[in-house]
Amino acid sequence: MKAKKKSKKRFVEAEDIYRLSVVTSTAISPDEKKIAYTVETISEDKRKYFSHIYMADVISGESQQYTFGEVSDRGLVWSHDGTKISFVSTRNKKTAIYVMPSEGGAEKKLIEEDGSFSGLNWTPDGKELVYQFRYNDSHYIKDEKKKKEAPLYRHITRLWYRLDGAGWLPQDRFHVWKVDTASGKAMQLTKGKYDELSPTVSPDGKLIAFVSNRSKDPDLDSMRDDLFLIPIGGGKVRTITTPAGPVGMPSFSPDGKKIAYLGHANPEDSWGVSNFHVWAVGVTGKPAAKDLIPKFDRQLYDQTIGDIGEGFDAHRPLWSPDGKKVYFSASDTGCTHIFYVPARGGLPTRITKKKSHIKSFSLDGRMKIVAAGVADLRSPGDLHLFPAAYNGDSKARVLTNVNKGLFGGIKFPKIKEIWFKAYDGTRLQGWLVTPPNFNPKRKYPGILEIHGGPTAQYGFTFYHEMLFLASKGYVVFYTNPRGGGGRGETWAESIIGDWGTIDYRDCMAAADYLEKLTYVNPKKTGVTGGSYGGYMTNWMIGQTNRFKAAVTQRSVVDLKSFIGSSDMGYDLYREFGGQPWDVPETYDRCSPLTYAKNIKTPLLIIHSEQDLRCGIEQAEQLFTTLKLMKKKVELVRFPEEPHGLSRHGRPDRRIARLEWILKWFDRYLK
């Protein structure tokens with residue numbers, strides 16, 4: 001009998017975006033016997049993302065799907081007795097809070113409003129849910145037809161009035177609310193002109209802690225938060241004294257006497273340089289707020305970026321049941337890890353050691369095991385289970401394999417971590433991706449990729465774009481130059497007020513490394529990047545002609561106009577030591593548009609028309625300037641899309657974006 005032939009595996013395609021699944025959130029039950037988690041998928045015909053709830057049994061490892069259909073479920077929270085799960089869901093364009101039995105069954109819509117719900121917290125008795133909520137402007141329009149129309153005008157009075165991916169901010173602010181889980185009756189607990197965020201309920205159910213910036217101008221002084229307490233039934237708000245600086249994600253100790261939070265003591269910080277640490281403070285203000293990890297030179301939010309889902313999340317610090325430890329996550333040298341620190345303070349212990357990206361995790365049970373959504377170079381995110389102890393992930397059980405059917409038929413490029421030296425001997429980290437069926441005797445074209453931020457990091461996470469380009473015959477090199485994340489404050493602050501200097505030299509060192517590889521054709525290399533990576537792409541081709549093609553995406557070209565056209569550009573003075581009218585020479589010197597006349601590299605500009613972070617005017621300035629100079633330049637505009645098109649934009653447009661990048665590099669590098 002003849003042996004059955006194995007089916008031939010194909011390479012990664014742009015259209016695989018439609019087929020990818022990813023575990024996006026995790027929540028472990030109080031008794032640690034079950035794990036609720038969500039899986040995000042894409043509907044090709046609807047061109048939309050949907051997210052459904054699953055339940056995994058810890059002992060058997062088997063999962064059961066709980067929700068179905070065209071829904072987007074998120075924010076899973078177990079009741080304290082483990083009998084119910086609350087979550088936020090968008091269904092038929094309406095957002096509501098739902099509650100469902102932990103054993104499965106029909107979910108109950110608790111409350112539906114025209115606005116934004118988040119930060120769900122159960123009271124210990126399970127009778128109420130506390131959350132933050134903000135009404136949309138359309139809530140106040142009673143005529144349903146007029147709700148769909150553009151307003152007659154927009155009257156703007158505050159500095160921060162737009163947010164990329166969300167659009168125009170509503171007039172209402174986030175406030176703390178609670179809802180009765182039996183009747184669905186809601187009660188607003190805080191009011192006023194300030195946002196009140198991250199509510200959390202005390203263990204005895206009597207108090208709610210939340211964060212609010214109540215400075216004279218919170219938009220301008222964006223890092224002057226305070227910690228507040230309010231009785232569960234509403235009433236007088238009390239301030240807990242903390243050092244000047246940002247405060248976030250408060251968490252009560254098990255005895256209710258202390259609150260841990262994420263923050264730092266530098267209210268004048270530039271863009272993400274000062275490390276967020278775990279702090280603890282007594283609920284009465286005594287003992288005074290204390291940094292528990294003052295010598296830990298890492299950032300406590302997720303700086304690891306890929307192109308599957310949004311990034312830059314922060315996780316609430318979690319206390320052990322005995323109150324002796326506090327758990328948190330931090331970005332470190334291409335990874336995002338979980339750590340714990342003694343509640344009295346000291347050096348943290350890392351409980352994950354594998355080279356991976358912890359995208360979400362839950363320790364809300366007895367703290368013996370961790371349920372985590374973990375990505376790595378080969379997985380966009382699966383459910384892992386491991387002990388909450390040093391080196392715990394070495395004993396991990398992987399409970400899902402959500403892309404098994406897809407990945408089983410694909411031959412992937414090989415990815416290798418690379419360490420190489422900068423001009424001054426500094427060790428730089430990168431990842432080299434070689435094509436499937438790689439032949440070291442061939443000469444391949446090369447592509448250098450540059451990350452955004454700048455205080456972000458490439459890492460040990462799934463990156464479809466890199467795999468796609470390598471599968472099309474390119475050697476792809478993506479690296480972490482100075483000015484980025486994952487390597488501490490000195491690393492991050494090295495380019496403050498001086499973009500285009502040491503970061504540029506580090507990127508050129510990466511280009512040198514790529515071009516010296518025996519299997520790369522040094523005369524056929526290109527460069528691309530998005531956001532700050534687009535800035536650096538523009539900068540590099542204005543300084544050197546070594547690249548034969550470039551693709552700049554959602555980029556910055558003129559720092560002066562960026563201040564007024566970006567949703568957060570008004571904060572740029574922190575990065576450059578003053579406003580443009582104070583230090584105009586700095587803004588001119590660091591703007592790629594200043595050097596446009598030097599550009600000879602064929603350039604493709606990709607930009608989203610609803611990008612509020614790096615406005616479309618940035619792309620328009622560069623395109624028009626280069627066209628007037630008769631340079632080789634083309635512009636591709638994506639309607640309706642925000643800054644994050646590559647990560648979570650409309651799927652068909654994400655695919656079109658990849659195809660344009662490939663088309664441009666094929667034109668000039670092959």
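Four strands form an open sheet in the order β19-β20-β21-β22, and their pairing is antiparallel. The edges are taken by β19 (247-252) and β22 (290-291), each with a single partner strand, so one side of each is left without a neighbour in the sheet. The model described here is predicted. Strands of a sheet pair through backbone hydrogen bonds, either parallel or antiparallel. Strand β21 (residues 277-282) is joined to β22 by two bridges, and these strands run antiparallel. Opposite Trp 279 stands Asp 291 in β22.

The loop between β20 (258-263) and β21 holds Asn 266. Is Asn 266 buried or exposed, or something in between? Asn 266 is partly exposed, with a relative accessible area of 28%. Leaving aside neighbours within four places in sequence, Asn 266 is in contact with Met 223, Ala 244 and Ser 274. Asn 266 and Arg 224 are 42 residues apart in sequence, yet their C-alpha atoms are 9.0 Å apart in space. The loop between β21 and β22 contains Pro 287. The peptide bond from Lys 286 to Pro 287 is cis, with omega near 0°.

A further open sheet of four strands has the order β15-β16-β17-β18, again with antiparallel pairing. Here β15 (196-201) and β18 (238-240) stand at the edges. Each has a single partner strand, so one side of each lacks a neighbour in the sheet. From one strand to the next, the twist averages 30°. Within this sheet, six bridges join strand β16 (residues 207-212) to strand β17 (residues 226-231), and the two run antiparallel. Leu 207 has Pro 231 as its bridge partner in β17.

Strand β1 (residues 22-28) pairs with strand β2 (residues 34-43) in the antiparallel sense, over six bridges. Thr 26 stands opposite Tyr 37 in β2. How many residues of β1 are buried? Six of the seven are buried, so β1 is largely enclosed by the rest of the structure. The two strands form a hairpin, with five residues between them. In the turn, Glu 32 has a positive phi of about 60°.

Helix contacts come next. Helix α3 (residues 464-471) and helix α12 (residues 651-669) have axes that come within 11 Å and cross at roughly 40°. That angle makes α3 oblique to α12. The crossing of α3 past α12 is right-handed. From α3, the contact is made by His 464, Glu 465, Phe 468 and Leu 469. From α12, Arg 657, Leu 658, Ile 661 and Leu 662 take part. By class, the contact of α3 with α12 has five nonpolar, one polar and two charged residues.

The axes of helix α5 (residues 502-516) and helix α6 (residues 532-541) also come within 11 Å, and they cross at roughly 80°. Asp 503, Tyr 504, Cys 507 and Met 508 of α5 make the contact with Tyr 532, Met 536, Trp 539 and Met 540 of α6. The contact of α5 with α6 has seven nonpolar residues, no polar residues and one charged residue.

Other backbone sites complete the account. Most residues other than glycine have a negative phi, and most peptide bonds are trans. Which residues are joined by a cis peptide bond with omega of about 10°? Gly 453 and Pro 454 are joined in this way. Pro 454 is found in the loop between β33 (444-450) and α3.

Positive phi values occur in two further loops. Thr 333 is not a glycine, but has a positive phi of about 50°. Thr 333 is found in the loop between β24 (325-332) and β25 (335-342). With a relative accessible area of 22%, Thr 333 is partly exposed. Asn 391 is also a residue other than glycine, and its phi is positive, near 60°. The place of Asn 391 is in the loop between β29 (379-387) and β30 (397-398). Asn 391 is partly exposed, with a relative accessible area of 26%.

How values were computed. Residues are numbered from 1 along each chain as its sequence is written. This is a predicted model: local features need pLDDT of at least 70, side-chain atom pairs count only at pLDDT 80 or more; totals for chains, interfaces and linings use all residues. Side-chain values use heavy atoms; hydrogens and water are left out. Axes are lines fitted to C-alpha atoms, for helices over the stretch in contact, and angles run from 0 to 180 degrees between N-to-C directions. Angles under 35 degrees count as roughly parallel, over 145 as roughly antiparallel, 65 to 115 as roughly perpendicular and the rest as oblique. A crossing is left-handed if the near helix is turned anticlockwise from the far one by less than a right angle, and right-handed if clockwise. Contact means heavy atoms within 4.5 Å. Ala, Val, Leu, Ile, Met, Phe, Trp, Tyr, Cys and Pro count as nonpolar, Asp, Glu, Lys and Arg as charged, and the others, Gly among them, as polar. Two strands pair if DSSP finds at least two bridges between them. Buried means under 20% relative accessible area, exposed over 50%, partly exposed in between (1.4 Å probe, protein chains only).
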